[in-house]
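Reader: I am new to this structure and would like to learn how to read it feature by feature. Could we take a few features in turn, with the general idea coming before the particular case?

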Amino acid sequence: MTVRKNVCTHCSVGCTVIAHVANGVWIEQEPAWDSPINRGSHCAKGAAVRDDVSSERRLRYPVKLVGGAWQRISWDQAIDEIGNKLLEIRAKSGPESVYWLGSAKFTNEAAYLNRKLAAFWGTNNSDHQARICHSTTVAGVANTWGYGAMTNSYNDIRNAKTIMIMGGNPAEAHPVSLQHILEGKELNRANMIVIDPRFTRTAAHATEYVRVRPGVHIPTIYGMLWHIFRNGWEDKGFLHQRVYGMDEIRKEVEKWPPNEVERVTGLEEAQVKRIAEIFAKQRPSTLIWAMGQTQYSFGTANVRASCILLLATGNVGLPGTGANIFRGHDNVQGATDLGLDVTTLPLYYGLAEDAWRHWCRVWEVDYDWMLSRFVNKTFMETPGVTSTRWFDATLLPKDQVAQPDTMKAMFVMGHGGNTITRMPQAAKGIEKLDLLVVCDPYPTIWAVLSERKNGTYLLPACTSFEMNGSRTASNRSLQWGEQVVKPTTSCICWRASSASPIRCSRTSRSRTGRSRPKISCVRSIAAVGRPAIAASRPSGSRRTCAISPNSTW
C-alpha cells in the first residue's frame, strides 16, 4: 500500500489529507497528524474528498451540444473543432474576443500556466473566482500595507487575547480554523467577540455576541474608533512611528457619535464602547473576516475600515494580532498571486511595459513578438474584462465595447457559472457566444443555464488529487500535493514541468482494482501560435473511454 499526501480542496484552511492507495485505487483517507494546520482532524467536507475522485457523477468523456442534445465525441474531434473555432474567431474578431476563465481550484502551477496561455493568445481577459469573493480584500489590504493577503496565520490566532470576528462564520465555512480560535479562547482565556446579524454557530462560542444590522461594518468600526480616540485608547507610539493619515480618519470618525451609530447600526452606546475598550486594551487583538465584509458594492471600503481599526490600536505586525482574512477556495490566494487576474501578470507585476519585458525574458520570447499577439500596445497594458461582466462584452453593441469586437468565445476551467448576481444577463450572454468550452471534473451549471442548442463542449478534467502541484492556503502557507491516483477518466490535466503539449496513454483502475483500457490524458500549456488544445496527437497513441460506450454522463 502506498501513502500519499495532498491538500483538501474545499475551503482555504489548507488541511493535509493522507491517502492510502492499493493497486492504483484510493481505498482510505485520514487527516495528517503532523500538519500544523489541521493537526489530525478533518471537517465533514474534508472527510469526503475521496468521493471527488470516485464519484459516479463525474464527466467521463468529451461531449458536444448538437441540436439541444448532448453527443459523445472523441478527443481528436473535440481538439480539432475547438482549436479550429478558436483560431477562426481570433482571425475574424481578434484575440480580445476570447475569454480564458480560470479557477481558484487550480494548483499554483496551473494558475500560472492559464495566465501564460492568455498572454500568448494575446489578451488580458483571464480571471477567476477572486474577482467575486476577495478582490475587495486584495485591494483594501494591499492599499493599507502593500500585499493583499492575510497578515498572520491560523496557528497564530491562538496567541491572541482578543479575537473579533466580523463578517465571517468559520464554524461552518472554515470548521478546522475554529480549533485555533477556540484554543486561543479556552487556553489563553481570550475574549471572543462575534459581530453578526445572525446568531451563528460561531456566535454560539462567543464571550460577547453583538447583533448588528446587515451592511453596517463601517459605522460599527467608526463607532468603536470614536470611543477609542475620545478615551485615548489608541496606540500613540505605533501611530507616531508607523502610520500616516490617521488625522484624516479622526475627522471622519467625529461624524459618528454614539447616537448616530445607534441610529444606523442598532447598537447601544454601552456595548460599542465595551467592545472598543476590550479590543484596544486587551491585546494582542486580531480581527477576522471573510466574505461577510467583502461581497458588497463598498466591500473595499469595509476592508479599509477594518485595517484602520487594527492600525489605530497597534494590532499589526505582532504575534496574535493582524487581519486574519479567511478566503473561500483552497487556492484562491495562490491563483491570485500567480496572475489569474485581469489587472496583472504573475506575482503582481502589473501590465506596464517593464512587466511584460520581464515575463518575456522568463518565457524566453521576444517582447516585440509578444506585442504582435495583441491588438496593440494599449490593449497589452490595459486590464481585461472582469469575470463579473464578461456577458456585457457579449451582449452590448459592438460600438459600446472597448475592444475591436464583442466577446465570441468562453473557455472555462474549474469555474462555476452561478457565482454572479446578474444571472439572467449571464444566461443571455451564454446563448450569444459562438463557442463555449467548459473543462471540469463534473458537468456544471454552464451546461444548463441557457437555452443554448449548439456550440458547447464539455471536457472532463482531472481533480486536484489526480495530479501533482502546490497550493497556497489563506494564511499564505504553501503546500505540495502529490498525485494520489492516476486519472480515472479520459481527461485533461496540467503538468507544470511541460513547456509544450504532451499526450500520454495510461491504464486506470476501477475501484475494484481491475485494470481498465488505456486512456489518453491531455496535458497542456500554452503553445506559441495555437492553444495547447489544438495540438496534434502523436502517432500510435490510443484513446478509449474508461467506461462503457453506452454509459451517459
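Reader: Leaving aside its neighbours within four places in sequence, which residues is S126 in contact with?

Author: Please keep in mind throughout that this is a predicted model. Once the neighbours within four places in sequence are set aside, S126 is in contact with W100, N114, R115, A118, L340, D341 and V342. S126 belongs to strand β7, and with a relative accessible area of 0% it is buried.

Reader: Where does β7 stand in its sheet?

Author: The sheet is an open one of seven strands, and reading across it gives the order β5-β4-β15-β14-β13-β6-β7, with mixed pairing. The edges are taken by β5 (69-72) and β7 (126-127), each of which has a single partner strand, so one side of each is left without a neighbour in the sheet. Further in, strands β4 (residues 63-66) and β15 (residues 456-460) run antiparallel and are joined by two bridges, with K64 standing opposite Y457 in β15.

Reader: Which strands pair with β11, and in what sense?

Author: Strand β8 (residues 162-166) pairs with β11 in the parallel sense over four bridges, and the bridge partner of T162 in β11 is S285. Strand β12 (residues 323-325) also runs parallel to β11, to which it is joined by three bridges, and there the bridge partner of I288 is N324.

Reader: How do I read the two sides of a helix, and which residues of α15 are buried?

Author: An α-helix has 3.6 residues a turn, so residues three or four places apart point the same way. In helix α15 (residues 353-363), the buried residues are A355, W356, W359, C360 and W363. They cover an arc of only 135° around the axis, which puts them on the same side of α15. On the other side of this helix, D354 and R361 are exposed.

Reader: What do the buried residues of α15 pack against, and which residue follows the helix?

Author: Those buried residues pack against α3 (108-121), α16 (367-373) and α17 (377-380). After α15 comes E364, whose phi is positive, near 60°.

Reader: How is a pair of aromatic rings described, and how many such pairs does the structure hold?

Author: A pair of aromatic rings is described by the distance of the centres and the angle of the planes. The structure holds 15 aromatic pairs. In one of them, W100 and W121 have ring centres 5.5 Å apart and planes at 70°, so the pair is edge-to-face. This pair links distant parts of the chain, for W100 lies in strand β6 and W121 in helix α3, 21 residues apart. W100 is buried at 2% relative accessibility, and W121 is buried with a relative accessible area of 2%.

Reader: What kind of pair do Y349 and W359 form, and is each of them buried or partly exposed?

Author: Y349 and W359 form an edge-to-face pair, at 5.6 Å centre to centre and with 75° between the planes. Y349 sits in the loop between α14 (332-337) and α15, whereas W359 is in helix α15, ten residues apart. Y349 counts as partly exposed at 39% relative accessibility, while W359 counts as buried at 5%.

Definitions and conventions: Residues are numbered from 1 along each chain as its sequence is written. This is a predicted model: local features need pLDDT of at least 70, side-chain atom pairs count only at pLDDT 80 or more; totals for chains, interfaces and linings use all residues. Side-chain values use heavy atoms; hydrogens and water are left out. Buried means under 20% relative accessible area, exposed over 50%, partly exposed in between (1.4 Å probe, protein chains only). The arc is that of the directions from the helix axis to the C-beta atoms. Contact means heavy atoms within 4.5 Å. Two strands pair if DSSP finds at least two bridges between them. Rings of Phe, Tyr and Trp (its six-membered ring) pair if their centres lie within 6.5 Å; planes under 30 degrees apart count as stacked, over 60 as edge-to-face and the rest as tilted.
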